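Open the model in your viewer and keep the selection tool ready. Each stop below says what to pick and what is there.

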Amino acid sequence: MKPAPSQRHYGMDWLRVGAFVLLIFYHVGFSFTPWGYQTPTRGVVGWAEIPLLGLSAWRLALLFAISGYASAALLKKDGDNRAFLKSRILRLGIPLLFGLTVVVPPQPYMGLVNSGYDHGYGYFLLHDAFRFHKVGYEVLPATMHMWFVIYLLAYTLALCAALMLLPEAWRAGLRRGTERLLSGPALLPLGIGLIFLIRMLPYGWTDMHNFLQDRSAHLHYFGMFLFGFLLRGSEPMRAAIARQWKLALVLGMLGYAWVMGDTLLYPGNIPTPADWQQPLSFAKSVQCWGTVIALFGIADRYWNFDHRWRTTLVEAVFPIYIAHQTVMVFVSYGIRDMGLGALAEFLTLCAAVAGGSWIFYLIGREIGPLRPLIGLKRKRARKTSDETKPALASAG
């Protein structure tokens, strides 16, 4: 059954909230892996990379796809490409500038202090933080976790340019062609194949978080963003996902099984032999696309319901994302000499990051001038009648 375009899909809200909750666990857990991270821990936990590899192949692809889905809903609500572009620049650009100038700088500063930097924070801000140079091991100015917002804003600008410049007939033809491909049996093999080909480009599955270098990441994530954007208004694609999400889930688990087996054979920073690198990349592609499709299907089928906490949690997601990594860095340095075991340190970090980020949101939402800085509207929005009715889930 096709929902009215103005209806809100609660399942996508819950999926977005869940994805960002997993992000906190992922970033905290990363500190215990041999992969290297910016926060100090008591040392490497040998098996920590196993659960993280269950998330790493698909977590960002999912977030960009959800962002595309939300962008389509917002465009429908704004009703005009220019109004949509203006609202996106304000809602993403202002928090981006705030994050890069206020929230992020303490992260590289703490790293520099840990490696012998003997200047105060004021000196760091005035002389080092925003100069394009390298101090110690830190490349400044740092973007840290705000790279995601930079990429999302760039993809939004590219989408708006296409919507404004391409003739309506071209846009309609592209939509029909893509919808035809992704609403039939090609949904799973086509997505897997495209991701595999894209990740064969330089740097492979290693995202550089450098806007000018991340060719494979841009193709992958911008493609996922466009997929989510198209999905919002496509009942044939929703129906295809409803038919195939169980198979997609099985494929995603099989892909993860291969990745996990490779990690057990070649743990830590031991490189996978050259002959097995392409099969590993293909397994990650299967894991990525299969998991994303499965989660969209599950959200559409089972999670499309409202709850009194939904509005608050959805609003809190972006502010929590802005704050979480800086909170984690401060707490990590604060507890590093306490002699905590790995489990105690992990739980302490999770609780502190979640709690500190939540406090950041609670304070910011109550102060009008601060709300736009953390990604919120200047004034609280009233619940509309459209948000009291969920979009109907596709027949499963």
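Start at D214, in the loop between α9 (187–198) and α10 (215–231); helices are DSSP runs of H or I, at least four residues, numbered from the N terminus. This is a predicted model: local features need pLDDT of at least 70, side-chain atom pairs need 80 or more, and totals for chains, interfaces and linings use all residues. Residues are numbered from 1 along each chain as its sequence is written, and side-chain values use heavy atoms, without hydrogens and water.

D214 is buried but has no salt bridge. Buried means under 20% relative accessible area, exposed over 50%, partly exposed in between (1.4 Å probe, protein chains only). A salt bridge puts a side-chain nitrogen of Lys or Arg within 4 Å of a carboxyl oxygen of Asp or Glu. The nearest side chain of opposite charge, R199, is 6.4 Å away. Now show the contacts of D214 (heavy atoms within 4.5 Å). Beyond four places in sequence, they are Y151, T206, D207, M208 and H209.

Next, select Q244 in helix α11 (residues 235–265). Q244 is buried, at 13% relative accessible area. Leaving out residues up to four places away in sequence, Q244 touches G184, P185, L187 and L188.

Finish at I363, in helix α14 (residues 342–366).

Key: Helix = DSSP H or I, 4+ residues; strand = E, 2+ residues; numbered from the N terminus. Lys, Arg positive; Asp, Glu negative; His and termini not counted.
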